[in-house]
Amino acid sequence: MSEIARPEPGFSPERLTFFTDAIFAIAMTLLAVELERPDEKELASARALGSFLVDQRDSYLAFALAFVLLWSVWRRHHKLMDRIGRLSTAFLAWHAPFLLLVAFLPFPTAVIGASVSNPLAQTLFAGTMAAMACCEAVIKEVSTRSGLVTGDAAESRRHTDGSWAVSLWFVLSGGVSWLFPQAFVLWFFAPLAAPYGGALISRLRPSRPESPGPARSPR
């Protein structure tokens, strides 16, 4: 009876998936932790509490926005990991900056919650999201070119282009924020940039043959 092939130590897709899920869960929880709580004076009456809640509306908007964006990034990564058969050194290495940005996101979220119309605050948030989506795209590029991902190579390329489109969307919105204080509204449509913007990039990108072979074992 033949032994079941196991990945080399430190290159288990399941462990990377569990760790990534944990970072996303902590980051999404910290978004709520950053929300300001009412004190005793603000809880003394319905009127005082209502005034407090109205004053904090930008923080609630920032929380909802960041949560939706992190959810969409996690879902795309979830779909990728379900198709990964093995890991490579480059694939693992690019998860370090990717997860660093995921863990960092609660900070720019708190900043825009305190001053949502501030162009520098919007640029900080948009820049963080753009860099995160860029790392996501590079991870997908590595998985496709190294033969780590199973299934249709063309579909993998479309998913990669979708992540590049999301990154570009945030880069552009960060620039627009210096012209229009309400540019942050564009971020709510960022998840749509993946399927539609990715399809456009796929049409513009010159086609090239994908490497169908399996990745080499990392050393």
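**Group meeting: a walk through the helices**

T128 sits in helix 6; helices here are DSSP runs of H or I with at least four residues, strands are E runs of at least two, and both are numbered from the N terminus. T128 counts as buried, because its relative accessibility is 5%. For that word, buried means under 20% relative accessible area, exposed means over 50%, and partly exposed is in between, using a 1.4 Å probe and protein chains only.

Before I go on, some housekeeping. This is a predicted model, in which local features need pLDDT of at least 70 and side-chain atom pairs count only at pLDDT 80 or more, while totals for chains, interfaces and linings use all residues. Residues are numbered from 1 along each chain as its sequence is written, and side-chain values use heavy atoms, with hydrogens and water left out.

Now, the core. Which residues touch the most other members of the largest nonpolar core? They are L70, F91, F125, M132, F170 and W187, out of 46 residues in that core. A nonpolar core here is a set of buried Ala, Val, Leu, Ile, Met, Phe, Trp, Tyr and Cys residues joined through side-chain atoms within 4.5 Å. At least two residues of this core come from each of helix 1 (13-33), helix 3 (57-81), helix 4 (89-104), helix 6 (119-145), helix 7 and helix 8. Helix 6 gives the largest share, eleven residues. If you click on M132, look for its contacts with L70, V73, F98, L101, V102 and L105, leaving aside neighbours within four places in sequence.

Next, charges. Side chains of opposite charge can pair when their charged atoms come close. How many salt bridges does a search of the whole structure find? It finds four, a salt bridge being a side-chain nitrogen of Lys or Arg within 4 Å of a carboxyl oxygen of Asp or Glu.

One of them joins the side chains of R76 and E136, at 2.6 Å from N to O. R76 lies in helix 3 and E136 in helix 6, so this pair ties together parts that are 60 residues apart in sequence. Both partners are buried: R76 has a relative accessible area of 14%, and E136 has 3%. Not counting residues up to four places away in sequence, R76 touches E136, K140, S163, V166 and A194.

E136 also meets K140 in a salt bridge, at 3.2 Å from N to O. Those two both lie in helix 6, four residues apart, about one turn of the helix. K140 counts as buried too, at 5% relative accessibility.

Another salt bridge links R145 and E141, whose closest N and O atoms are 3.3 Å apart. R145 is partly exposed at 49%, whereas E141 is buried at 9%. Through shared partners, salt bridges join R76, E136 and K140 into one network.

Last stop, the surface. W169, V185, L186, F188, F189, L192 and Y196 form a nonpolar patch there, with about 670 Å² of accessible area together. Patches are made of residues with over 30% relative accessible area and no salt bridge, joining like charges within 9 Å and nonpolar side chains (Val, Leu, Ile, Met, Phe, Trp, Tyr) within 5 Å. Areas come from the Shrake-Rupley method with a 1.4 Å probe, and for residues only the protein chains shown count as cover. F188 counts as partly exposed, because its relative accessibility is 35%.

Conventions. Contact means heavy atoms within 4.5 Å.
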